[in-house]
Amino acid sequence: MPATRALTLYLGELDQPVITDYQIAIFLHRAYKERKYKDVPVKSTASSLSREILKKKIMQFCSTGILSRYTSIGGNRVYSIMGKKGFDAGDVACSVDPFAYVSHLSALAYHGLTNRIPSTLYVSSPKSKLWAEFAVQRMMKDLGEDLQEYLEHGLPKLMRISMQKIGKTPISIHSSIHLGAFKLVRGRNIRVSTIGRTFLDMVREPSMCGGMRHCVEVYKEHGKIYKSLIIDELNRHGTQIEKTRVGYLLEEVVGITGDPALEEWASHVQRGGSRKLDPANEYEPTYSKKWCISINVQDLGVDHE
């Protein structure tokens with residue numbers, strides 16, 4: 001079986017709508033080295049993949065329509081795969097950026113926690129320095145002892161591809177020092193923040209989750225159902241102020257009382273002018289005595305001392 005046939009089979013088996021030049025190069029490099037794909041022999045006169053062969057293969061697949069340049073992002077580095085239907089902008093983002101995942105308001109919509117339909121796709125991805133470190137680790141994993149040879153042949157490196165829009169969908173990319181907590185979606189190459197992390201993100205970056213008032217509404221409607229996931233995520237990854245915000249919401253807004261974890265959080269609270277329910281709003285004199293936090297979101301339906 002020629003390498004062209006092997007690549008055709010490989011593309012057909014992918015659960016993603018687009019592919020990068022790096023992904024194509026990694027597949028062909030392995031096919032040329034191993035001389036097989038899934039135990040089926042791969043015949044070629046070349047002993048290894050070169051930059052020229054890679055370029056020729058991509059051009060050949062583009063001429064037949066199996067691949068086509070994805071014009072929204074990536075320049076000449078991202079290609080649509082013919083026949084891949086039922087995917088959305090989140091699938092594209094996660095196929096292009098191997099360390100990205102759908103988050104914030106987009107994750108709320110995916111998990112059915114909001115009735116809002118985001119016009120913007122919210123994605124989280126590591127900060128540039130950490131992303132570059134992850135990329136080196138991924139290339140070492142993908143290529144092993146062949147890494148040096150691969151680079152000497154001038155083949156594509158795993159590099160971050162800028163994404164402002166995917167089709168007509170604007171992209172909002174959030175990068176922070178916090179590593180992501182996400183789940184894989186069966187049958188698709190898409191990653192979505194876990195329910196626990198999504199609730200944590202609502203008190204970290206409420207502006208990216210529809211605003212703090214909307215976040216309060218989500219907590220009020222769904223907080224009791226997902227209490228254990230929320231508390232577990234906060235215990236693992238939440239800061240003290242984040243525990244204070246979530247503790248107040250779960251106890252005073254959702255109505256959960258007597259929970260040992262919440263009592264433990266409350267025992268460590270500290271009052272201060274910077275401690276606010278909504279981190280983006282000004283400090284208000286109304287506050288929770290137990291949680292020592294300014295309730296700077298109006299009309300929550302909660303009585304405070």
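This is a predicted model: local features need pLDDT of at least 70, side-chain atom pairs count only at pLDDT 80 or more; totals for chains, interfaces and linings use all residues.
Reader: How many aromatic pairs does the count come to?

Author: The count comes to 8 aromatic pairs.

Reader: What makes the pair of F99 and W131 edge-to-face?

Author: Planes over 60 degrees apart count as edge-to-face. The planes of F99 and W131 stand at 80°, with ring centres 5.1 Å apart, so this pair is edge-to-face.

Reader: Which parts of the chain does the pair of F99 and W131 tie together?

Author: F99 sits in the loop between α4 (89-96) and β6 (101-102), while W131 belongs to helix α6 (residues 128-143), so the pair joins parts 32 residues apart in sequence. Both F99 and W131 are buried.

Reader: What are the distance and angle for F199 and Y219?

Author: Their rings are 5.0 Å apart, centre to centre, with 90° between the planes, and this aromatic pair is edge-to-face. F199 is in helix α8 (residues 195-204) and Y219 in helix α9 (residues 212-222), 20 residues apart.

Reader: Is F199 buried or exposed, and what about Y219?

Author: Buried means under 20% relative accessible area. F199 has 0%, so F199 is buried. Y219 also has 0% and is buried.

Reader: Which residues do ring pairs link into a cluster?

Author: The cluster consists of Y10, F27 and Y37.

Reader: Where is I173, and which residues does I173 touch?

Author: I173 lies in strand β9 (residues 169-174). With a relative accessible area of 37%, I173 is partly exposed. Leaving aside residues up to four places away in sequence, I173 touches V123, S125 and M163. From I173 to I161 the C-alpha distance is 12 Å, and they are 12 residues apart in sequence.

Methods. Residues are numbered from 1 along each chain as its sequence is written. Side-chain values use heavy atoms; hydrogens and water are left out. Rings of Phe, Tyr and Trp (its six-membered ring) pair if their centres lie within 6.5 Å; planes under 30 degrees apart count as stacked, over 60 as edge-to-face and the rest as tilted. Helices (H or I, at least four residues) and strands (E, at least two) are DSSP runs, numbered from the N terminus. Buried means under 20% relative accessible area, exposed over 50%, partly exposed in between (1.4 Å probe, protein chains only). Contact means heavy atoms within 4.5 Å.
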